[in-house]
Amino acid sequence: MDVVIVTAGDVDYARAERFLPMVSELRRRRIERKRRDEDKLQALAAGLLVSAELSRRSGIPREKLRYSHGAFGKPYLIGSDVQFSLSHTRGAVCAAFSEEGEVGADIERKDRRISERLYTRVLSEKERQLVASGEDLIRLWVQKEAFLKRLGTGIVDDLRGADTTLIQDTAALDCGEYLVGISGYGACSAEVRCMTFDELTRQFD
């Protein structure tokens with residue numbers, strides 16, 4: 001399993017718009033519906049990242065990539081065994097890729113503010129003993145989300161059932177300002193690659 005993180009840095013969306021033709025029509029429509037330039041840039045980065053990596057890994061030209069979706073909206077690449085999962089948070093997007101089964105990924109900033117109410121909704125009794133700070137909670141949160149994305153169900157109201165002390169092949173990776181949760185075969189030994197938005201777009205010039 002491989003994980004790729006793209007950070008936006010100080011890129012201005014107006015400068016990045018020229019890459020819109022490089023993503024799917026569906027992705028372009030989603031970008032256009034967003035109000036904030038920061039959100040548009042993030043969605044564009046996600047589309048470019050998935051397009052570049054799936055094309056490289058599957059051998060399918062970028063313009064011929066086609067997708068299907070599971071019952072809860074999880075995307076799948078048609079014509080290839082490459083599985084992927086995408087996530088984003090303020091300032092970064094990440095994606096996990098695997099050819100060895102279903103995969104899930106989630107990314108959050110370490111400094112995200114956490115409501116006290118989340119503790120009772122998110123943590124099992126065993127997990128509460130492992131949490132001493134907001135960052136500890138985020139570390140468990142990203143693993144839970146990654147696990148549920150791997151299953152294809154997405155986020156649920158009560159996360160206590162996804163107990164990180166019990167689930168297998170799921171890990172949290174420390175990536176500078178961010179914590180990345182990944183779930184799937186090889187999660188605990190996954191390799192992480194980080195790049196800037198500019199480095200990503202050089203693949204499209």
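Colleague: Where is the place of Thr 153?

Modeller: Helices (H or I, at least four residues) and strands (E, at least two) are DSSP runs, numbered from the N terminus. Thr 153 sits in the loop between H6 and E7. This is a predicted model, where local features need pLDDT of at least 70, side-chain atom pairs count only at pLDDT 80 or more, and totals for chains, interfaces and linings use all residues. Residues are numbered from 1 along each chain as its sequence is written, and side-chain values use heavy atoms, with hydrogens and water left out.

Colleague: Does Thr 153 count as buried, exposed or partly exposed, and which is it?

Modeller: Buried means under 20% relative accessible area, exposed over 50%, partly exposed in between (1.4 Å probe, protein chains only). Thr 153 has 33% relative accessibility, so it counts as partly exposed.

Colleague: Which residues is Thr 153 in contact with?

Modeller: Contact means heavy atoms within 4.5 Å. Leaving aside neighbours within four places in sequence, Thr 153 is in contact with Phe 72 and Leu 148.

Colleague: Where is the place of Leu 159?

Modeller: Leu 159 lies in the loop between helix H6 (134-151) and strand E7 (170-175). Leu 159 is buried, at a relative accessible area of 1%. Residues up to four places away in sequence aside, Leu 159 touches Arg 121, Val 122, Trp 141, Lys 144 and Leu 148.

Colleague: How many disulfides does the structure hold?

Modeller: A disulfide is a pair of cysteine sulfur atoms within 2.5 Å. The structure holds 0 disulfides. For Cys 94, the nearest cysteine sulfur is that of Cys 175, 8.2 Å away. For Cys 188, the nearest is again that of Cys 175, at 14 Å.

Colleague: Is Cys 188 buried or exposed?

Modeller: Cys 188 is exposed, with 65% relative accessibility. Cys 94 is buried, at 0% relative accessible area.

Colleague: What order has the open sheet of 3 strands?

Modeller: Two strands pair if DSSP finds at least two bridges between them. Here the order is E6-E8-E7, with antiparallel pairing. Strand E6 (104-109) and E7 stand at the edges, each with a single partner strand, so one side of each has no neighbour in the sheet. E6 and strand E8 (residues 178-183) are joined by 6 bridges. Ile 107 stands opposite Val 180 in E8.

Colleague: Which strands does H6 touch?

Modeller: H6 packs on the sheet and touches E6, E7 and E8. Axes are lines fitted to C-alpha atoms, for helices over the stretch in contact, and angles run from 0 to 180 degrees between N-to-C directions. The direction of H6 makes about 155 degrees with that of E6.
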